[in-house]
Amino acid sequence: MFLWLSLARKALQLEGKYVISFELNGSKVEVDVEPDTPLLWVVRDTLGLTGTKFGCGMGLCGACTVHLNGQPIRSCSMPISAISEQSITTIEGIGSDSALHPVQQAWIEESVPQCGYCQSGQIMSATALLQQNPTPSLQEIKYFMAGNICRCGTYPKIQKAILKAAAQLQSQNSFESESNISEFNNYELAQEVTS
């Protein structure tokens with residue numbers, strides 16, 4: 001059975017039927033790879049966008065987070081065949097050197113990264129959060145970002161940067177965002193007092 005499937009796969013490859021097309025950061029791309037190749041390797045090795053990182057390889061740490069139609073997914077465990085004709089956004093697609101995404105700007109202003117390895121996945125999850133919930137509370141941020149692991153433990157800086165980006169994105173109704181920042185500052189103060 002396995003041999004038959006393997007031969008059938010090879011035959012389809014020879015006919016060029018493994019060409020998979022999708023949208024990457026707003027541009028249409030086509031790749032000719034095995035359909036079970038993880039999206040992460042297609043993005044990094046085939047297409048040369050190395051901002052997305054390999055972490056655990058099992059979809060558990062979040063270092064490889066990208067957006068599939070605006071939703072955060074783990075690219076290390078997503079076969080390329082599952083994203084055919086859909087839209088993928090990587091860290092390279094959310095801002096530019098001349099116009100950073102507010103989350104990226106907040107990351108810089110709050111000096112979030114330490115080793116930096118997990119940061120592209122953290123930023124991709126944070127941007128997805130703010131697309132779904134423009135004014136998240138601190139608890140909502142903690143819940144949403146719980147799947148992204150930072151071994152340096154920069155979680156308080158990450159949370160503060162997300163609140164700052166939310167405030168920038170929602171400057172017209174800043175009252176709610178400012179109250180969330182106030183909530184964070186009160187939380188930080190409470191942590192300092194109890195430690």
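The following dialogue reads several features of a predicted model.

Trainee: How many helices and strands does the protein chain have, and what pattern do they follow along the sequence?

Mentor: The protein chain contains seven helices and five strands. Along the sequence their pattern is α-β-β-α-β-β-β-α-α-α-α-α. Of its 195 residues, 40% count as buried. Among the contacts with a separation of 6 or more, 59% join residues 24 or more positions apart.

Trainee: How should I read helix H6, and which of its residues are buried?

Mentor: Begin with the general idea: an α-helix has 3.6 residues a turn, so residues three or four places apart point the same way. In this structure, helix H6 covers residues 155-169, which is 15 residues. From its first C-alpha to its last it reaches 21 Å, close to the 21 Å expected at 1.5 Å a residue. The buried residues in H6 are Ile158, Gln159, Ala161, Ile162, Leu163, Ala165, Ala166 and Ala167.

Trainee: How is the packing of H3 and H6 described, and at what angle do they pack?

Mentor: Two packed helices are described by the angle between their axes and the distance between the axes. Helix H3, residues 102-109, packs with H6 at an angle of about 130 degrees, and their axes are 8 Å apart.

Trainee: Which residues of H3 and H6 meet?

Mentor: From H3 come Pro102, Val103, Ala106, Trp107 and Glu109; from H6 come Ile158, Ala161, Ile162, Lys164, Ala165, Gln168 and Leu169. The residues of this contact of H3 with H6 divide into nine nonpolar, one polar and two charged. Several residues of H6 that meet H3, including Ile158, Ala161, Ile162 and Ala165, are also listed as buried.

Trainee: Is Thr90 buried or exposed, and why?

Mentor: A residue counts as buried under 20% relative accessible area. Thr90 has a relative accessible area of 0%, and is therefore buried. Thr90 lies in the loop between strand S5 (87-89) and H3. Not counting residues up to four places away in sequence, Thr90 touches Leu24, Asn25, Val43, Leu49, Thr52, Val66 and Met124.

Trainee: Where is Gln119 found, and which residues is it in contact with?

Mentor: Gln119 is found in helix H4, residues 119-132. Gln119 is buried because its relative accessible area is 6%. Leaving aside neighbours within four places in sequence, Gln119 is in contact with Trp107, Val112, Pro113, Cys150 and Thr154. Of these, Trp107 is also one of the H3 residues that meet H6. Gln119 and Asn148 are 29 residues apart in sequence and 9.2 Å apart in space, C-alpha to C-alpha.

Methods. Residues are numbered from 1 along each chain as its sequence is written. This is a predicted model: local features need pLDDT of at least 70, side-chain atom pairs count only at pLDDT 80 or more; totals for chains, interfaces and linings use all residues. Side-chain values use heavy atoms; hydrogens and water are left out. Helices (H or I, at least four residues) and strands (E, at least two) are DSSP runs, numbered from the N terminus. The expected span of a helix is 1.5 Å times one less than its number of residues. Buried means under 20% relative accessible area, exposed over 50%, partly exposed in between (1.4 Å probe, protein chains only). Axes are lines fitted to C-alpha atoms, for helices over the stretch in contact, and angles run from 0 to 180 degrees between N-to-C directions. Contact means heavy atoms within 4.5 Å. Ala, Val, Leu, Ile, Met, Phe, Trp, Tyr, Cys and Pro count as nonpolar, Asp, Glu, Lys and Arg as charged, and the others, Gly among them, as polar.
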